[in-house]
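Q: Could you take me through one part of this protein in detail, namely the place where its domains meet? I'd like the cut-offs along with the numbers, please.

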Amino acid sequence: MVDIAMIEAARARLGGRARRTPLLSSPFLDEIAGRRLFVKAECLQHSGSFKFRGGWSAVSALEPSVRAKGVIAFSSGNHAQGVALAAQLHGIPAVIVMPTDAPKLKIANTRAFGAEVVLYDRIKEDRDEIGARLSKERGLTLIRPFDEPLVIAGQGTAGLEIAEQAAEEGIDAATVLVPCGGGGLTSGIALALEARAPGFKVRPCEPKDFDDTTRSLASGKIERNAALQGSICDAIITPQPGNITFPILKRLCGAGVVVTDEEALDAMALAFTRLKIVVEPGAAVALAAALFHGKEIDGDTVIAVTSGGNVDTDVFETALRRH
């Protein structure tokens, strides 16, 4: 359902809108990782995460008459902000369904982008039901956070940039570590690299006890998480891989890498001190995998995606105090 042509088309629509985020490096991080380590800093993307790519891709592809009625999305924060900003830039209404325990910064930013925020209890209520009901009642187009071809295509544009930037560095083979929730970013990057940098291997990274993708890849079928709360990595806590994303992950990705919340916090601190970037916990899991799970990774070059930087102040302070 998603191919390189869709990703290239998304890139064309994103032209002049999305930032070409940098590929950063530090000899200090290389020493810890035990190999060359590059960091794709999607935390510097508009709205503070890669989600702007998918949000703009999906909103911009709608027929004008449909788009004018508005869009709806559900998200713990980064997809919320990406869709809200894309809607604001298109001058259309947006309704975002967010869990009550989402980081306060993400809720505030989503409202600041002009969206109406509808809060729900992620334990007692079903966000899919809420989204479907509001979509029908108000005539809004639902933009799913990861199991949506246009969103996956938008996220895949980050993979096109990785291929180009790696080539500029003379890299023709690498392990690419990607924070993975539902798999939209991971599958999009994997599709882009399959076409543009076939010597690269993508591996999803997840927090301990919320490793549904890692377990799904190991078993060959979709596995669910037992809980939806209990990790600071809120941005990548999903029930299970997507029905669209998982077949892509299964075909193209290597085994998952699982890290602890503490390792994610340490990676956040190292990203700040050595690269001068702010990374949120869920977005730091790939960097944590590169830094602290080197024995599980092959090759002499690794590229870790830091997928977002929307972190509450108290959590960031905790990371820095640990360091």
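A: Happy to! The centres of domain 1 and domain 2, taken over C-alpha atoms, are 23 Å apart. Domain 1 covers 4-49 + 148-321 and domain 2 covers 52-142, with bounds that come from an automatic or database domain assignment. This is a predicted model, where local features need pLDDT of at least 70 and side-chain atom pairs count only at pLDDT 80 or more, while totals for chains, interfaces and linings use all residues. Residues are numbered from 1 along each chain as its sequence is written, and side-chain values use heavy atoms, with hydrogens and water left out.

Now to the interface itself. In contact (heavy atoms within 4.5 Å) are 29 residues of domain 1 and 23 residues of domain 2. Together the domains bury about 2200 Å², with 52% of it on carbon and sulfur atoms; buried area is the accessible area (1.4 Å probe) that two parts lose on being put together, summed over both.

Four salt bridges are counted between domain 1 and domain 2, each being a side-chain nitrogen of Lys or Arg within 4 Å of a carboxyl oxygen of Asp or Glu. D234 also forms a salt bridge with K106, with 3.0 Å between the closest N and O atoms.

On the side of domain 1 that touches domain 2, α1 (4-14) and α8 (149-168) each supply at least two residues; these helices are DSSP runs (H or I, at least four residues), numbered from the N terminus. The largest share, seven residues, comes from α8.
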